[in-house]
Amino acid sequence: MDLLNTLVDKGLRRELPTREEALAVLATSDDDLLEVVAAAGKVRRQWFGRRVKLNYLVNLKSGLCPEDCSYCSQRLGSKAEILKYTWLKPDEASKAAAAGVAGGAKRVCLVASGRGPTDRDVDRVSETIEAIKERHEGVEVCACLGLLSDGQADRLRSAGADAYNHNLNTSEGTYGDITTTHTYADRVETVQQAQAAGLSACSGLIAGMGESDADLVDVVFSLRELDPDSVPVNFLIPFEGTPLAKEWNLTPQRCLRILAMVRFLCPDVEVRLAGGREVHLRSMQPLALHLVNSIFLGDYLTSEGQAGQADLDMIADAGFEVEGAGTTTLPAHRAQAGGGCGSHDGGCAPCGDAPTEAASEPSEIPAARTDLVAVRRRGAGTDLAPNA
């Protein structure tokens, strides 16, 4: 297929595809799916070999969020029956993180619900980071605390944080349909504050919220311009009790096409398969390893993932290997430059004109698999052992 040959060539040169090419990936048929995965897999292997980075989530504070993000089980007015608790103490969070590190996680992601941290919250998280680093020398720590105020990113960096996560989630044009209590620009500004403080930026998207192909391409082009080091791709988990509970729009095949599109647009970036993989990819998860080079181990913030040992078995059975603590995740040209999307001309290509919608025969959407959405009842905030 000429399209895939072109995209592989561009990916190996770190050259940005056009919007039309990105849309064409999403419009490919199920009959061509394995060719798409194989092509994107060549790009993935060029920059990351067969390594898979493991990340582990610790939910520092669960539920009771004042923001109205429609996709979130922790949102204002959510009726989802999730765990709700206030801040974990630093020793509790460090103990939770230890389970993930023992399971092979190279990065610990510290997440707290809320619009953004107070200065006292930053103090709490700083103490937690120090406790984790003292216990696990060399482990990466990423904070995800919402919108940052002036100086807070610098304080987190001084405390030992390596990265900061704040996702764009969807396109700028549709963001107001998903959230009204803050803006798309607010999110962009927080990622930029993290970068200015010297933190590695982590920013990604959520697919499956009813968006169009053009919306998906828009948000990935925006991410490419924003220049994060890692791009998590989440697939909506439609929690009962949230506004998007009925949005079951994804098939395993569509998920793989989305991941391939992200890989072609971000060839040398850490692309992370994040929330919802068990729900939407199901038995086709191993194919996604040919597209992504990073996954979360075990459970998520408010939902349960598959058993940590099952993740490790899946990686080994698919012919991949867990990335060791002594290995630098990013390719040398990115690591030496301090991150960035690394386009061949030294910067991110401009976004250009708005895309036109590609014609596509949608795959038949199967019945909603509500049986696969399991609310987290173990790990942080409970007396039960975590899944790692």
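How many nonpolar, polar and charged residues does the lining of the second largest cavity have? Before I answer, please keep in mind that this is a predicted model. By class, that lining has eight nonpolar, three polar and three charged residues, and the cavity it surrounds has a volume of about 90 Å³. Among the 14 residues of the lining, Tyr56, Leu57, Arg376, Gly379 and Ala380 lie nearest the centre, while strand E1, residues 51–61, gives the most to it, with four residues.

Sorted by class, the lining of the largest cavity has 23 nonpolar, 14 polar and five charged residues.

Let me turn now to the salt bridges, where the count comes to 22. One of them joins Asp218 to Arg19, with the closest N and O atoms 2.7 Å apart, and this pair links helix H9 with helix H2, across 199 residues of the chain. Asp218 is called partly exposed because its relative accessible area is 23%, whereas Arg19, at 9%, is buried.

Glu270 and Lys53 form another salt bridge, with the closest N and O atoms 3.5 Å apart, and here Glu270 in strand E8 is paired with Lys53 in strand E1, 217 residues apart. Both of these residues are buried.

Terms used:
Residues numbered from 1 in each chain as written. Predicted model: local features only at pLDDT ≥ 70, side-chain atom pairs only at ≥ 80, totals over all residues. Heavy atoms only, no water. Nonpolar A, V, L, I, M, F, W, Y, C, P; charged D, E, K, R; others polar. 1 Å grid on protein atoms, 1.4 Å probe; cavity = no way out; pocket = protein on both sides within 12 Å on 5 of 7 lines; lining within 4 Å. Points joined across faces, edges and corners; volume = space filled by probe spheres on them. Helix = DSSP H or I, 4+ residues; strand = E, 2+ residues; numbered from the N terminus. Salt bridge = Lys/Arg side-chain N within 4 Å of Asp/Glu carboxyl O. Buried < 20%, exposed > 50% of the residue type's maximum accessible area, 1.4 Å probe, protein only.
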